[in-house]
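Subject: Handover of a structure

Dear colleague,

Please find the structure below, passed on for your own work.

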Amino acid sequence: MSTQALADGSVFANRYRIVRCLARGGMGAVYEVIHLDTKRRRALKAMHGHILHSEELRERFHREARVAAEVESDFIVDVFDTGVDDATGMPFLCMELLRGEELSRRIKRLGRLPADEVALFLHQTALALDKTHQA
């Protein structure tokens, strides 16, 4: 079980070609991938190899995937697929690939945001959290 990132161009779970790493977090990394059959671009979150031995973290990752897949909201990404890659043993979830600017980058670029824009973002976040807590 490796701690390395998935290599660009490699195939994961027999159906996703890794394009590039988008972000890394404490439990996993998110990659832009292309589904081999449909050619659709998606985001794939795979659990880090160095924490695969933790049953608690595997269950937490699985619970995240299950809850995210249950939630239907315009403000939460859709989850299309989950599973465990046979070759690496890494649990994963495959989601819609969002395009746009991260809020932190927007703030760095523009500085302080207008109050009405902040209120809109907070409202959308509250709706997403409400749906998530219901699930």
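This is a predicted model: local features need pLDDT of at least 70, side-chain atom pairs count only at pLDDT 80 or more; totals for chains, interfaces and linings use all residues.

Residues are numbered from 1 along each chain as its sequence is written, and side-chain values use heavy atoms, with hydrogens and water left out.

**Pocket**

Rolling a probe the size of a water molecule over the atoms shows where empty space is left. The largest pocket has a volume of about 1,200 Å³. A pocket here is an open set of points on a 1 Å grid over the protein atoms alone, where a 1.4 Å probe fits, with protein on both sides within 12 Å along at least five of seven lines; lining residues have an atom within 4 Å of a point. Points are joined across faces, edges and corners, and the volume is the space filled by probe spheres set on them.

The lining comprises 26 residues, of which V77, L98, R99, E101 and E102 are the closest to the pocket centre. Two or more lining residues come from each of β2 (16-24), β3 (28-35), β4 (41-47), β6 (91-96), α2 (103-110) and α3 (115-134). These elements are DSSP runs numbered from the N terminus (helices: H or I, at least four residues; strands: E, at least two). By class, the lining has twelve nonpolar, three polar and eleven charged residues. Ala, Val, Leu, Ile, Met, Phe, Trp, Tyr, Cys and Pro count as nonpolar, Asp, Glu, Lys and Arg as charged, and the others, including Gly, as polar.

**Salt bridges**

The structure holds eight salt bridges, each defined as a side-chain nitrogen of Lys or Arg within 4 Å of a carboxyl oxygen of Asp or Glu. Three of them are described here, with burial given by relative accessible area (buried under 20%, exposed over 50%, partly exposed in between; 1.4 Å probe, protein chains only).

- R20 and E32 pair at 2.8 Å, N to O. The bridge connects distant parts of the chain, strand β2 and strand β3, across twelve residues. R20 is partly exposed at 43%, whereas E32 is buried at 6%.
- E64 and K45 pair with their closest N and O atoms 3.0 Å apart. E64 belongs to helix α1 (residues 55-70) and K45 to strand β4, 19 residues apart in the chain. E64 is partly exposed at 33%, and K45 is buried at 16%.
- E117 and R106 pair at 2.8 Å, N to O. E117 is in helix α3 and R106 in helix α2, eleven residues apart. E117 is buried at 18%, and R106 is partly exposed at 25%. Through shared partners, salt bridges join E101, R106, R109 and E117 into one network.

**Backbone**

Most residues other than glycine have a negative phi. Which residues other than glycine have a positive phi here? One is A13, with a phi of about 55°; A13 lies in the loop between β1 (11-12) and β2 and is buried, with a relative accessible area of 6%. Another is K39, with a phi near 65°. K39 is in the loop between β3 and β4 and counts as exposed at 58% relative accessibility.

Yours sincerely
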